[in-house]
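Reader: Before we discuss this model, could you set each value against the rule behind it?

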Amino acid sequence: MVLKKYRLTEAKMKEFKNQIRWLLELIKLNIKSNLEYRTSFWMQVVGMAINNCAFLVVWYLFFQIFHSVNGWKYQDMIGLNGFVSAVFGLCFFVAYGMRRISKYITFGQLDAYLVLPKSPLIQILFAESYVSALGDLLFGIISLVIYCFIAHLSLGTIILLPILFILACCTFTGFNIVGEAIAFWIPNSNELTDALFEFMLGPSLYPNSAFTGAIRIIFTFIIPAIVVGGMPVNILLKMNPWQIILMICLSIFWLLLAKFIFDQGLKRYESGNLTGAH
Amino acid sequence: MPQIILENLTKEFHLKIKKPGAHGWKSLFQNEKKIISAVDQISFTVDKGETVALIGPNGAGKSTIIKMLTGILFPTSGTASVAGFSPWQERQKMAFKIGTVFGQKSQLSFHLPAIDSFRLFGRIYELDDAVYEKRLQELVTIFNVQEFLGQPLRKLSLGQRMRCEIIASLLHNPEIIFLDEPTIGLDVVAKRELRDVLRSLNKQWNTTIFLTSHDTGDIEALCKRTIIINYGKMIYDDLTQNLQRKYITIKRIYVRFEDKLEGFQMQDVTILNIGRYGVSLEVDTSKRNIRSVLEEIIRKYSIVDINIEDPSLEEIISNIYQKANE
Amino acid sequence: MNNWYKKLKKYQEIIRISNNEMFASPGNFIGRIVIFCLRISLFGIIYPYVFKSSNLTSINGISVIQIVWSLALVQIIYQFSRKTYQDIRDEIMSGQIETKLNKPYSFLNFVFVDAMGKMPIQAIIYAVTIVLLLGTVFGIPHFTFVQIIGLIILFILGVILFTLNMILLAICAFWMENPDPVYWIIGKLSWFVNGTFIPLAILPASFRTIATYFPFSAPFFLGRIFEISTLTGISQLIIIQLIWIVVFAFIIKYLYRLGIKKVSINGG
């Protein structure tokens, strides 16, 4: 009996190990294929990092005029922009496939993944990489480090930062997948999908403290714009266990919803046959 | 038990049709919906080790069938079983047992050497490193790809690329391999090499081969059995050699004469062409015995040379399509 | 005479097709308008909020309604020619441009006419959208007759100039592996002086001076309609736009000819 249980866990361990080894190989390959073109790689990365500094300048000018927004000061905008950029950067650098799903659907490119014995969703996620996102990630990390110093964050909250970061990444990924999977139902909907993405990313970069009342609820529960930046920065500023729990719940919710909608959509997948792809 | 079973497999597509003349603003509202049966109540079985060709004109539903059997598309109705699994319900389990090659869609990374992609496939199929290495060595030898294994895929020729594609789909030693137009775009030499390799594959490991193709050469060289589909319906399912036997009711005779020809005539024979020293004839063997034709020619004329030919497989097949359409 | 007529017909057809393309996929068209509404709504949330919490009624004589309206007007310009840059860049980078060289039309004219052809219908749609969205929430600010006429002229010239801006940046692809970094940097520099996030009216005077003479901020002059509302002021802006249009058109013609030579000599 004991032996049997042991064997079961051993099989599971092997299964787990296989999955991890596969995922690592997938990500490695993805990044490797981008490194093939080295010069343009670094130009894009550095270009994007500089590009992002423009946001910081805009908000600097804004806070020169208005000083504070519902308790948020300019330094918090560094934290917010850093956090959102890092989430965006990591997700798109290793898993840009999340923004390509609709194209895969429209042009029938899911075929190659469907015939393999692994989750097609995960394969697609890690199949592509957005090079300049590495610039966003670097910019984000540097900004967050600076923020930790100028906002005098305590060691405890700094330890919390990676956890909040992972939760935000999960929500970000889940929401993107849901938006892209619309293409299963409405072909050629890429601009509609872009609109949804914009609805999350656009507001997430504004001083989130200005979102109050109904707008705050919409940007938390319907479009997680606050969840991927404003809420974690708020938690760093003022420790709030309820908000942490909310972030955990929302990240699980979006991931599950993404999986559910994608699986439902697969049943309608037409392999580019008659979806009007030219 | 057969390895592949299809029962009344059906797939319908919903098509939006734009009304002619509906442009700009109007096109927002004036769409009509139409249902097309791409695959209509198809049933057949395939045993282990068989080599089957699925052929038909463009849009006949070949690819749709292969896509349903490999778990890419959900059928509208009907059932299927591949290697003991339902393709769309147990897709991932089935995937360990099958290999797929789509001639027009690459599974390998375009920017990286094939060897990198192979390693990923090794992980995807959860092969132990030792097994993977051994199998890769075997395949590399069979397919003769050592030289360009380390070059990025984009630098390879189409034929070399296709060989790499097939290796990727064979790493896990599948029981069945599905190929959708594997020789499309290849030159004559590359086509022949590919067919040789696939044939030896079938012999060596008894791998079932199921392919769709436009190229009758693929079918003649590779497939013992042929299934013909037209407008989503099955119109022929038998041995490839029977295809010729059954449908060859026509023979062509080319005759060259010693003397200048004047006023050639013959009953129940179609005269295709008359030259000064020769004729080409078509004989429908159901109407007139070929022997009597030859006898008549020899009796009446002094001949230099005579050739009797069967029509090509391609002609036979296009004949079958035409008959089905009528 | 007949020749001219045929040429006109050709470009009329281009305009017809580009307009049909716009409505070919309604989802995409609606998506674009939705994004536009989102952007102006965000300004409509942030600015009234900070005005209220700072107890401000106006800055430099500009009220919060005027701020939101001018930000929205700036956003309209961005809606045009958004694909012009990408299309030309890809055409050059992929070498496709060679195939266009032996056609009986000028590729640049084609791109320009294509972008302009979409202007009238889009302009009406966005104007209606702004009036509906901001008009119902905030009300419509007071416009003098001069301002309205000025707005229309600044808008039309602005779209033309913005399209020329995009074409100029895109044809950098003749000389660069990928012109995106230049496009980004110019785009971001423009942010500070074209009123994308903060209207020029409430920024320090030095920004306004730069904005007047920086060619990449000139397309967005209509966002300054509340700051510069006199006949002479608006006329000045219009003249500046006209000058830049002529200058850009000449530079583009010249660079394009150089670039084409480069392609046909090197074979792409």
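Reader: How many residues of chain C are in contact with chain A, and what makes a pair of residues count as a contact?

Author: This is a predicted model, in which local features need pLDDT of at least 70 and side-chain atom pairs count only at pLDDT 80 or more, while totals for chains, interfaces and linings use all residues. Residues are numbered from 1 along each chain as its sequence is written, and chains are lettered from A and ligands numbered from 1 in the order in which they are written. Two residues are in contact if their C-beta atoms, placed from the backbone, lie within 7 Å; by that rule, 28 residues of chain C touch 30 residues of chain A. On the chain C side, α2 (26-53) and α9 (180-194) each supply at least two residues, and the largest share, 14 residues, comes from α2(C).

Reader: What makes an element of chain A a helix, and how many helices are there?

Author: Helices (H or I, at least four residues) and strands (E, at least two) are DSSP runs, numbered from the N terminus; on that basis chain A has twelve helices and zero strands.

Reader: Why does the radius of gyration of chain A agree with a compact globule?

Author: The radius is taken over C-alpha atoms, and the globule rule is 2.2 Å times the number of residues to the power 0.38. For 278 residues a compact globule would have a value near 19 Å, and chain A has 20 Å, which agrees. Along the principal axes, the C-alpha atoms of chain A fill a box of roughly 60 × 55 × 45 Å.

Reader: What share of chain A is called buried, and by which rule?

Author: A residue is buried if 20 or more other C-beta atoms lie within 10 Å of its own, exposed if 12 or fewer, and partly exposed in between, with C-beta atoms placed from the backbone; buried residues make up 50% of the 278 residues in chain A.
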